[in-house]
Amino acid sequence: MLSNLPFVYKMTVQQGNIITEPMVNQVQLGMNREQVRYLLGTPLLTDMFHTNRWDYIYTIRRGHQPTESKRLTLWFEEDQLVSIEGFAQPDPAAALAALEQETVVVEVPDWRDDRGIISRTLNAVGVETAE
């Protein structure tokens with residue numbers, strides 16, 4: 001009864017696998033189980049009676065807000081991914097666009113001033129040092 005009062009702190013509770021749309025976009029039909037496990041992590045639920053089905057479930061309850069739930073179900077046949085059901089479907093074009101956006105080119109100068117402080121000070125006042 002007291003926990004429903006607005007001034008009572010309620011902790012954020014997360015459970016399950018955090019699965020985002022960019023992660024799902026990298027998954028492709030025809031991948032084997034190890035490739036899918038590498039991209040999405042170990043599934044939260046694996047049914048011993050239906051070994052061809054993996055369920056990824058994620059729930060979060062933030063304070064006094066209602067619980068949010070996301071579910072993703074993957075179906076395999078002969079160790080190949082054949083079907084994806086759930087909150088998101090793979091979009092290979094979005095995965096390629098995200099990969100292109102993540103590319104960063106950094107220019108690195110070739111020369112680095114490794115002289116000591118005394119050599120730099122003498123050069124600053126005009127005294128040449130022999131190296």
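**Entry 1: Q14 and its strand**

I started with Q14, which is found in strand β1 (residues 13-16). Helices (H or I, at least four residues) and strands (E, at least two) are DSSP runs, numbered from the N terminus. Before going further, I noted that this is a predicted model, in which local features need pLDDT of at least 70, side-chain atom pairs count only at pLDDT 80 or more, and totals for chains, interfaces and linings use all residues. Residues are numbered from 1 along each chain as its sequence is written, and side-chain values use heavy atoms, with hydrogens and water left out.

Back to Q14: at 46% relative accessibility, I filed Q14 as partly exposed. Buried means under 20% relative accessible area, exposed means over 50%, and partly exposed is in between (1.4 Å probe, protein chains only). Which residues does Q14 touch, not counting those up to four places away in sequence? I found Y58, T59 and I60, where contact means heavy atoms within 4.5 Å. I also checked Q14 against T46: they are 32 residues apart along the chain, and their C-alpha atoms are separated by 20 Å.

**Entry 2: Confidence**

I looked up pLDDT, the predictor's confidence in each residue, from 0 to 100. The protein has a mean of 84, and 92% of its residues reach 70 or more. Where is confidence lowest, and where is it highest? It is lowest in helix α3 (residues 92-101), at a mean of 73, and highest in helix α2 (residues 33-40), at 93.

**Entry 3: The largest nonpolar core**

My next stop was the core. A nonpolar core is a set of buried Ala, Val, Leu, Ile, Met, Phe, Trp, Tyr and Cys residues joined through side-chain atoms within 4.5 Å. The largest one has 15 residues, and V27, V36, L40, Y56, L72, L74 and L81 touch the most other members. Helix α2 and the strands β3 (53-61), β4 (68-77) and β5 (80-86) each supply at least two residues of this core. In soluble globular proteins, nonpolar side chains tend to be buried together.

I then picked L72 and listed its contacts, leaving aside neighbours within four places in sequence. Among them are I19, V24, L40, W54, Y56, I84 and F87.

**Entry 4: Salt bridges**

How many salt bridges does the structure hold? I noted five, each being a side-chain nitrogen of Lys or Arg within 4 Å of a carboxyl oxygen of Asp or Glu. Side chains of opposite charge can pair when their charged atoms come close.

In helix α2, E34 and R37 lie three residues apart, about one turn of the helix. Their side chains meet in a salt bridge (2.8 Å, N to O). E34 is exposed, at 52% relative accessible area, while R37 is partly exposed at 29%.

Next I followed D55, which forms a salt bridge with R53, the closest N and O atoms being 3.0 Å apart. Is D55 buried or exposed? With 7% relative accessibility, D55 counts as buried, and R53 is partly exposed at 25%. I noted too that R53, D55 and R71 are linked in a network of salt bridges.

I looked at R62 and E68 as well, whose side chains meet in a salt bridge at 2.8 Å, N to O. R62 is partly exposed at 39%, and E68 is partly exposed, with a relative accessible area of 39%.

**Entry 5: Loops**

In the loop between β4 and β5 I found E78 and D79. Phi of E78 is near 50°, a positive value in a residue other than glycine. D79 is not a glycine either, yet has a positive phi of about 65°. E78 is exposed at 76% relative accessibility, whereas D79 is partly exposed at 33%.

H50 sits in the loop between β2 (45-46) and β3, and is partly exposed at 48%.

**Entry 6: A surface patch**

Last, I turned to I117, I118, L122, V125 and V127, which form a nonpolar patch on the surface, with about 490 Å² of accessible area together. Patches are made of residues with over 30% relative accessible area and no salt bridge, with like charges joined within 9 Å and nonpolar side chains (Val, Leu, Ile, Met, Phe, Trp, Tyr) within 5 Å. Accessible areas come from the Shrake-Rupley method with a 1.4 Å probe, and for residues only the protein chains shown count as cover. V125 is found in helix α4 (residues 117-125) and is exposed, with a relative accessible area of 64%.
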